[in-house]
Amino acid sequence: TTGKPIKCKAMVARGPKQPLTEEEITVDAPKAGEVRVKVIANALCHTDIYTLDGYDPEGLFPCILGHEAGCVVESVGPGVLSVQPGDHVIPCYTPQCSQTSCIFCMSPKTNLCPEIRSTQGQGVMPDGTVRLHDKDGKDIFHFMGCSTMSEYTVLAEISCAKISKEMALSKACLFGCGVSTGLGAVWNTCKVEADSTVAVFGLGAVGLAVIQGAKMAGASKIIAVDLNPDKFEMAKKLGATDCVNSSPDKIDKPIQKVIAGDMTPWGVDYSFDCTGNVKVMRAALECAHRGWGESCVIGVAASGHEIATRPFQLVTGRVWKGTAFGGFKSRRDVPQLVERHLKGELPIDHFITHSFEGVNKTNDAIHALHSGDCLRAVVRY
Ligand code: NAD
Ligand code: AHE
Ligand code: ZN
């Protein structure tokens, strides 16, 4: 361990709806239980933009965003034994402390380890201070325990999933959020069985990963819904059997009635919201099968937005649930996803539609994600 601060380039979010500013920052040495990493590649997730746009009730400025990354360990703080310099790691915004005293880590029912959740939400490391400072020495907040839009950053040890060095970090970064989340929502949160019927709302990387996971689980009908018909080609490639443009001028009744009524007699066994729009969440719940249909909220809704439906929808057997990181226990499961990719069982290259070189290209990547033809824009540092 070097123990010295590192000066490097980072993209700082100074305020809501402002472009990120390229700055030279100082990244402190890792303290006890912390790991300093060199970020090799960072992919943009819609959640970064949502926070940058000021919709996240936990959003703090100035901060360094980014939570879908591939990194190499640069140095470790006192007491860190599970990773060492040179290891390849994926930062995981849902950590896994694995302590026997953690009832969440010990339960097979959840991945939501709360060990560092409160400080993570306050934009600080577990000891309550930050490792990131601007050129005047002022504090910069961390984000989701990751802050990967920087050439170097500091993570909690329990947020580091150590992965095989065989997978390029510029691809492995995708397992840090959206792709894993979509797959896990199907496999872990809903446990979709063979021959099930599925509806997916929103065909970004998350929704397309749901389709891919559902196809792998043997779903017999996969209905893909988006307002942007350009998304349908990839949806079909990954396994969608039907695509519906849900723009009001394209359908003559609410989308839930198109799905439950026209396309299936009673609705689908499983539905997934991958939009973050609370009206879509309602439609997804209401197109679920009478008696047993389950609807999973994956999308993140803006501050102040709430979901609604007639309770009758639940009385008549529909189940409303949600997922964070697809229910994957991060440090245990992310390395396994990488292994499955390396064995050829889990192709993910199709998610990378845009690539950039240099941390300072992150604003271009944000622009790309807004363009409508982007699934994941990966920025290599
Ligand atoms: P994205 O912006 O790439 O994709 C969203 C898609 O939804 C787009 O194709 C868009 O055209 C479509 N869409 C928007 N409004 C719609 C509507 N009214 N009806 C139908 N389709 C509509 O985003 P992404 O990166 O794929 O993320 C999707 C959502 O999942 C975001 O809300 C993100 O914050 C959230 N997310 C949640 C988790 C989690 O753990 N729960 C993890 C990752 C992302
Ligand atoms: N901070 C927001 C909620 C944001 C949110 O729900 N985040 C998702 C992950 S999005 C990844 O792209 C999540 O997993 N949340 C669980 C958690 O512990 O944050 C708010 O509303 O305050
Ligand atoms: Zn994300």
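Hi everyone. One definition before we start: a residue counts as buried here if 20 or more other C-beta atoms lie within 10 Å of its own. With that in hand, let's look at helix H9, residues 278–286, in this predicted model. The helix is mostly covered, with 7 of its 9 residues buried. Which ones are they? Val280, Met281, Arg282, Ala283, Ala284, Leu285 and Glu286. Among the elements covering those buried residues are strand S9 (197–201), strand S12 (270–273) and strand S13 (294–297). Helix H8 (255–259), helix H10 (312–315) and strand S14 (319–322) are part of that cover too.

Now let's move to the core. The largest nonpolar core has 115 residues, and Ile64 and Val200 touch the most other members. Helix H6, residues 205–216, gives the most to this core, contributing 7 residues. Where does the core sit relative to the domains? Domain 1 (6–176 + 348–380) and domain 2 (181–323) both supply residues, so the core lies between them. As a bit of background, nonpolar side chains in soluble globular proteins tend to be buried together.

Leaving aside residues up to four places away in sequence, Val200 touches Gly207, Val210, Ile211, Ile222, Ala224, Val225, Phe272 and Cys274.

Next, the annotations. In an unreviewed entry, UniProt places "domain: Alcohol dehydrogenase-like N-terminal" at residues 32–163. That span is 12% helix and 25% strand, and its end C-alpha atoms lie 22 Å apart. UniProt also places "domain: Alcohol dehydrogenase-like C-terminal", again from an unreviewed entry, at residues 205–339. Here the span is 35% helix and 16% strand, with the end C-alpha atoms 20 Å apart.

Which residues surround ligand 2? They are Cys45, Thr47, Asp56, Pro57, Glu58, Arg117, Cys177, Val300, Ala324 and Phe325. By class, that shell has 6 nonpolar, 1 polar and 3 charged residues.

Last stop: His354, which sits in strand S15, residues 352–357. Is His354 buried or exposed? His354 has 20 other C-beta atoms within 10 Å, and the cut-off is 20 or more, so His354 is buried. Setting aside residues up to four places away in sequence, His354 touches Ala365, Ala368, Cys374 and Ala377. For a distance to check on your own screen, His354 and Phe232 are 18 Å apart, C-alpha to C-alpha, and 122 residues apart in sequence.

How values were computed:
Residues are numbered from 1 along each chain as its sequence is written. Chains are lettered from A and ligands numbered from 1 in the order in which they are written. This is a predicted model: local features need pLDDT of at least 70, side-chain atom pairs count only at pLDDT 80 or more; totals for chains, interfaces and linings use all residues. UniProt positions are given in the numbering used here, feature names are shortened, and annotations may be inferred rather than shown by experiment. Helices (H or I, at least four residues) and strands (E, at least two) are DSSP runs, numbered from the N terminus. A nonpolar core is a set of buried Ala, Val, Leu, Ile, Met, Phe, Trp, Tyr and Cys residues joined through C-beta atoms within 7 Å. A residue is buried if 20 or more other C-beta atoms lie within 10 Å of its own, exposed if 12 or fewer, and partly exposed in between; C-beta atoms are placed from the backbone. Domain bounds come from an automatic or database domain assignment. Two residues are in contact if their C-beta atoms, placed from the backbone, lie within 7 Å. A residue is near a molecule or strand if its C-beta atom, placed from the backbone, lies within 6 Å of it. Ala, Val, Leu, Ile, Met, Phe, Trp, Tyr, Cys and Pro count as nonpolar, Asp, Glu, Lys and Arg as charged, and the others, Gly among them, as polar.
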